[in-house]
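Here's a quick briefing to go with the model you're about to look at.

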Amino acid sequence: MSQDRLLVAIDTAELDGAVRLARSLAGSAGGLKLGLEFFSAQGPQGVAKVLASGAKLFLDLKFHDIPNTVAGAMRAAAALGPFMLNVHASGGRAMMEAAVAAAAEGAAKARKPKPLVLAVTVLTSLGDEDLSSVGQHGSTADQVKRLAVLAQKSGVDGVVCSAREVAALRSECGPDFKLVVPGIRPTWSAVQDQKRIMGPADAIRQGADYLVVGRPITGAPDPRAAARSIAQEIAKGADKGAGA
Ligand SMILES: O=c1ccn([C@@H]2O[C@H](COP(=O)(O)O)[C@@H](O)[C@H]2O)c(=O)[nH]1
């Protein structure tokens, strides 16, 4: 079903608002994403309350530290029962390998299914000039590819990238490597702080597995209707008969 590929980013510090959104989006999206804002305010107990709505959860904490520290954090996060967790690929191979092993350990110890572990390549809010300003010369596309290849060698299940890199990564990393894509903007929504953006249908046509969409849904007057509209766009992108 097209909505299975939609993960809604609930970026709020408020527990009640997050639980209300989670309940109202049930059946209109494949899962929810909670990130740093919610986790910093509500912690693991808040995550457990959102999980109790029955949603599949991408816990987007983007760990980036030395391997031992990331392993400890991944063990604890995996025990909460998310279906996806992530780290920054720029933390390097040893860190990603430690993250993969620790996620499996943490889930097994808590008797939860092993989560998918993803690596963030280059944030979708960054462009070539931003990379250059932190001393990384060359294009975002090249950097994303370099980090995705390293992530795959490190044993992660997939990467977070923008839709603009999806086609290249699909051919480089193969059909089973998960490509999870934020920076999705339907024509009716504002770009805000995102830079490497694409519409839902085109992102799916490029080969994305999951689309992560936040403010176009959570900031809409009717979030459930906005999620359904995006799911329809996903269906169009997935419809091979429509010239995809
Ligand atoms: O490169 C990245 C990695 C993560 N994100 C997260 O996705 C959502 C996008 O929300 P919008 O409101 O649709 O912009 C947000 O939670 C980010 O933390 C990303 O945008 N880019």
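Let's start with the ligand: by class, the shell around it is made up of eight nonpolar, five polar and two charged residues. Bear in mind that this is a predicted model.

**Ligand shell**
- In total, 15 residues surround the ligand, and the closest are Ala9, Thr124, Pro182, Gly214 and Arg215.
- Strand E8 (210-213) and helix H9 (215-218) are the elements that put two or more residues into that shell.

**Annotated domain**
- An unreviewed UniProt entry places the feature "domain: Orotidine 5'-phosphate decarboxylase" at residues 5-230.
- That span is 45% helix and 16% strand, and its end C-alpha atoms sit 10 Å apart.

**Nonpolar core**
- The largest nonpolar core takes in 73 residues, with Val8, Ala99, Val181 and Leu211 having the most contacts inside it.
- Helix H4 (residues 93-109) is the top contributor to this core, giving eight residues.

**Strands E1 and E2**
- Strand E1 (residues 6-9) runs parallel to E2, and three bridges join the two.
- Leu7 has Gly31 as its bridge partner in E2.
- Strand E2 (residues 31-34) is covered on both faces: Gly31 and Lys33 are buried on one side, Leu32 and Leu34 on the other.

Notes:
Residues are numbered from 1 along each chain as its sequence is written. This is a predicted model: local features need pLDDT of at least 70, side-chain atom pairs count only at pLDDT 80 or more; totals for chains, interfaces and linings use all residues. UniProt positions are given in the numbering used here, feature names are shortened, and annotations may be inferred rather than shown by experiment. Helices (H or I, at least four residues) and strands (E, at least two) are DSSP runs, numbered from the N terminus. A residue is near a molecule or strand if its C-beta atom, placed from the backbone, lies within 6 Å of it. Ala, Val, Leu, Ile, Met, Phe, Trp, Tyr, Cys and Pro count as nonpolar, Asp, Glu, Lys and Arg as charged, and the others, Gly among them, as polar. A nonpolar core is a set of buried Ala, Val, Leu, Ile, Met, Phe, Trp, Tyr and Cys residues joined through C-beta atoms within 7 Å. A residue is buried if 20 or more other C-beta atoms lie within 10 Å of its own, exposed if 12 or fewer, and partly exposed in between; C-beta atoms are placed from the backbone. Two strands pair if DSSP finds at least two bridges between them.
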